[in-house]
Amino acid sequence: MCCSGEVYQVHVTTGDVLYAGTMNNVLIKLVGTDGESDQTLLYNKKGGFYQGSTCTYSVKCPVSLGKLVLIEVEKQKYSIFPEDDWFCSKIAVTTPDGDSVSFPCYPGLAGSCSLVGLGFESCLGSLVMDWRPVLRVSYALCCWVRLRLAVTLLGTSSFRLCVCVCVCVCWLAELKLKDFTECKQQWTKMEDIKRVFCTKRTEISAYVQEHWKEDAFFGYQFLNGVNPMVIKRCSKLPRNFPVTDDMVRPFLEPGTCLAAELQRGNIFLCDYKILEGLPTNAINQKQQYQAAPLCLLYKNAEDKLLPIAIQLNQQPGDLNPIFLPSDCEHDWLLAKMCVRSAEFCEHQLNSHLLRAHLLAEVFAMATLRTLPMVHPLYKLLIPHTRYTLQINHMARQVLISETGSFTQVWYNSNISARGLESVPNFYYRDDGLRLWNIINKFVQGIVCHYYSSDMEVQKDSELQSWIREIFVHGFLERSSSGIPQSFSKVEEVVKFVTMVIFTGSAQHAAVNSGQFDFGAWIPNNPFTMQRPLPTAKGNTSQNTILQTLPDINISVQGMSIFWVLSRTSSDFVRPVALGVYPEEYFTESVPCKLIKKMQRKLKGLSEEIKERNAELKLPYPYLCPEEVENSVAI
């Protein structure tokens, strides 16, 4: 190469994630509108590209390359060092004229391979259409490498698996509970549960222990517990739930009746029909039991939501009585516990696993498989897929496999549609809608910046491929799912992308983060029932309730898992709060301004939620933006 001429300074940043660095050779070629450089070895005196580092190199060219448009980066095996994987997060080039051009990369290079990065202010017209051959080369090279690294390198799933397992074991050891993991005996005293529970408490879990028997708290959890997804307003009783006015009149306000309260919209229903016929397994060689209850609730004049009737199975009959608050204390308490057990099962399998983890996985896979890294939608969505594939892969191995913890310990929203717009003290709804609006405004700004018309949406083959992938492979081409097969309007893209981001961030936080708070006190959250469901009234005692709860070893294992699942991700990468983007995917001025505007709104909402929570006896912190992660990461 010529010793004189133009000198370009190349600044290479390696991602700040575990195992991101490489000891292999890295070579680069700069391509501009007026020519290209020779392939240049980026020689590093320190011997490699280290995690979280930024190093500067010189690339010399005989003449100016004009406006830089792309770079070609290649990684090759070096000497005796084994081939390894490298996570390059960004390459910036300072031209001889002092201009800076940024090339956001964020691919993983596995073995000896190469990537192509583009680096000028992009819009769909000038970039995706004009540079489609370059995009195709880059996409073909990186697509399956990205998928491989998503599961192995970037998420370091084996490391995260070890972390979670070690946290469970260390927590049990620290609390001197490890010996209990082999104790297959039943609880014989409520005092014993209290002693175990008191080894680790939060402000909310302590409140749960104190108030779990109260009807008002029982009703509150349907709105602001870990599963605010089942309750709905009831205008007509189901035929299989024959509650009469005489049964519930004593629990309504004086001078009213059931029919009148149904008409006024003060009656609510939780129906667990989805659990009917669900097979149960044996734990500690004991058969487990599952209710599929119906629970009727009443909003009284004090705006308290109170249970007024519970039927434990779907089909009414003499062996399936309707339990009432006027029944003896233990009958009524056990009936509520059966509902809470059903609530746990529906929450874990439907609201949490299916509608948060697995749904987010569909979106993550489609993003990795169909969108080039330079595509604006990729840049918008990729931070919201962080660790989703890894945590789901880990869950399949450890929690929901045939011999996993869930199998051993546990058996197997629409606000308007459920009539919950005006229900008071519904913090999940209030905080969630405000978060939705902030995300929606941000997405609208980004999408409208790149798509100025519906026609541009229709012509973007990558965008159409993305939604088609979701419809075909995620929802098996079922139109009943409500997932579109294609996009024809800008507003359709805005709404769908808002839903994708909200699902992986806020919705997951709402159904995940409070698991220890509401579930650590086992009587409030019996994740398995060891006795058959009661078929008559008057036969329940304190001993019956204790015998119904999971055995001691299952209880402490469940508590430890709740503790781990309620924490933010805990490896060497810090948890990333909603709207915080450590990786600089967008470099254009308009998207960067939109990001900062969204961050200001999220910060303001966080402050408002904290101020409100300070005035509440039982705070609702789960949708405070600074407590919500960008993605399904735990």
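Residues are numbered from 1 along each chain as its sequence is written, and side-chain values use heavy atoms, with hydrogens and water left out. Because the model is predicted, local features need pLDDT of at least 70 and side-chain atom pairs count only at pLDDT 80 or more, whereas totals for chains, interfaces and linings use all residues.

The unreviewed UniProt entry places the feature "binding site" at Gly21, Asn44, Asp84 and Asp85; UniProt positions are given in the numbering used here, feature names are shortened, and annotations may be inferred rather than shown by experiment. Aspartate 84 lies in the loop between strand 6 (68-76) and strand 7 (85-94), where helices (H or I, at least four residues) and strands (E, at least two) are DSSP runs numbered from the N terminus.

Strand 1 (residues 6-14) and strand 5 (residues 54-61) pair in the antiparallel sense over eight bridges, pairing being assigned if DSSP finds at least two bridges between two strands. Within this pair, threonine 13 stands opposite threonine 54 in strand 5. In a regular strand the side chains alternate between the two faces of the sheet. In strand 5, Cys55, Tyr57, Val59 and Cys61 form a covered face, and Thr54, Thr56, Ser58 and Lys60 an uncovered one.

An open sheet of five strands has the order 11-12-15-16-17, with antiparallel pairing, and its edge strands, strand 11 (232-233) and strand 17 (322-323), each pair on one side only. Strand 12 (residues 267-271) is joined to strand 15 (residues 294-299) by five bridges, with phenylalanine 268 opposite leucine 297 in strand 15. Helix 9 (residues 329-370) packs on the sheet, touching strand 15, strand 16 and strand 17 (contact means heavy atoms within 4.5 Å).

The axes of helix 9 and helix 15 (residues 461-474) come within 9 Å and cross at roughly 135 degrees, axes being lines fitted to C-alpha atoms, for helices over the stretch in contact, and angles running from 0 to 180 degrees between N-to-C directions. Helix 9 is therefore oblique to helix 15, since angles under 35 degrees count as roughly parallel, over 145 as roughly antiparallel, 65 to 115 as roughly perpendicular and the rest as oblique. Residues making this contact include Phe363 and Arg369 of helix 9 and Trp466 and Ile470 of helix 15.

Notes
Buried < 20%, exposed > 50% of the residue type's maximum accessible area, 1.4 Å probe, protein only.
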